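Colleague: Could you take me through the strand pairing in this model, sheet by sheet?

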Amino acid sequence: MNAPQLTAAVIAEQLSAVLAGPDRAVTGLAPLGEAAEGDLTFVVDPVANANAATAALRAGAILLAPSTLPSEGIIGTAILVQNARAAFAQAVAAHFARRPIPGIAATARVAPEAQVHPGAHVGEYTVIRAGAVVADGAEIRDHVVIGHDVRIGAHALIKSHAVIGEEGFGMERDADGDNIRIPHVGSVIIEEHVEVGNFTTVCSGTISPTRVGDHTKIDDHVHVAHNCRIGRNVIITACAEISGSVVIDDDAWIGPNASVIQGVTLGRNSLLGIGAVAVKSVPADEIRIGNPARRLGDNKR
């Protein structure tokens with residue numbers, strides 16, 4: 001039996017959105033400026049991009065657009081939503097994106113004492129150490145190391161070459177003045193729908209776990225040190241460095257190459273700009289830039 005045809009009406013229903021214009025089959029994806037008949041595309045600002053949006057509609061594309069799309073501009077098929085970019089992401093995820101196949105790759109090494117849910121995916125040459133738990137729907141890609149007792153939440157994505165739960169960099173001097181390593185036995189908790197990027201490290205807590213909250217997204221080449229507590233819906237972009245015992249509250253945003261000194265707190269909905277160096281705590285809803293980071297203004301949504 002053939003799968004039911006994907007149409008604009010189906011997508012509109014799934015998004016609880018308004019369909020304006022005739023229903024059409026959705027056969028592909030395209031950027032706004034290249035959209036042709038049957039292509040699903042989107043526009044964020046239908047006023048600034050009026051010509052491109054009109055051209056896409058005239059070409060027979062299916063346009064995801066905010067409700068501010070001028071009614072006289074709807075000469076084709078539009079799906080009116082609150083956030084067109086987010087709606088496009090949801091539609092692509094539901095109908096076009098590749099989905100991981102549950103199971104453990106033949107080349108992966110999973111300790112007998114680890115627990116991997118049958119609905120999880122573990123990629124090639126990945127190592128999962130004793131005591132680790134990987135929940136349903138989690139995707140652990142290739143060449144990943146999941147350390148002892150790490151917990152990976154449902155539908156989390158750990159991209160290739162990430163290392164989760166190995167020791168943090170905690171040192172002390174012994175009676176002879178030599179550097180000795182402080183054991184890190186707290187491990188890491190990655191909660192649900194978290195993403196950890198390629199070549200990113202999230203270090204084990206010293207005693208209690210390092211924790212990353214639901215829906216937080218961590219980019220490639222990021223370092224998260226031991227004992228950090230990262231809240232919900234946080235964004236940490238490429239090459240950021242988060243030192244030990246940092247607290248990042250919900251909805252904070254950290255720019256590329258930013259650094260955060262140990263022990264500070266970034267408040268809820270705060271924003272640390274590109275290359276900024278936070279040497280003091282940042283209040284909620286505040287934007288800071290520069291080295292050392294200084295106040296720029298309020299982070300209004």
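Modeller: What follows is a set of questions and answers on the strands and their partners.

Modeller: This is a predicted model, in which local features need pLDDT of at least 70, side-chain atom pairs count only at pLDDT 80 or more, and totals for chains, interfaces and linings use all residues. Residues are numbered from 1 along each chain as its sequence is written, and side-chain values use heavy atoms, with hydrogens and water left out.

Colleague: Which are the edge strands of the open sheet of 8 strands?

Modeller: Strands here are DSSP runs of E with at least two residues, helices are runs of H or I with at least four, and both are numbered from the N terminus; two strands pair if DSSP finds at least two bridges between them. The parallel order is E8-E11-E14-E19-E22-E25-E28-E31. Pairing on one side only marks the edges, strand E8 (115-116) and strand E31 (265-266).

Colleague: What is the handedness of the β-α-β unit made by E3, helix H2 and E4?

Modeller: E3 and strand E4 (residues 62-66) are parallel, paired over 3 bridges, and Phe42 stands opposite Leu64 in E4. A crossover is right-handed if, with the strands pointing away from the viewer, the path from the first strand over the helix to the second runs clockwise. With helix H2 (residues 50-58), the unit is right-handed.

Colleague: In E32, what is the bridge partner of Trp253?

Modeller: Strand E29 (residues 253-254) and strand E32 (residues 271-272) run parallel, joined by 2 bridges. The partner of Trp253 in E32 is Leu271.
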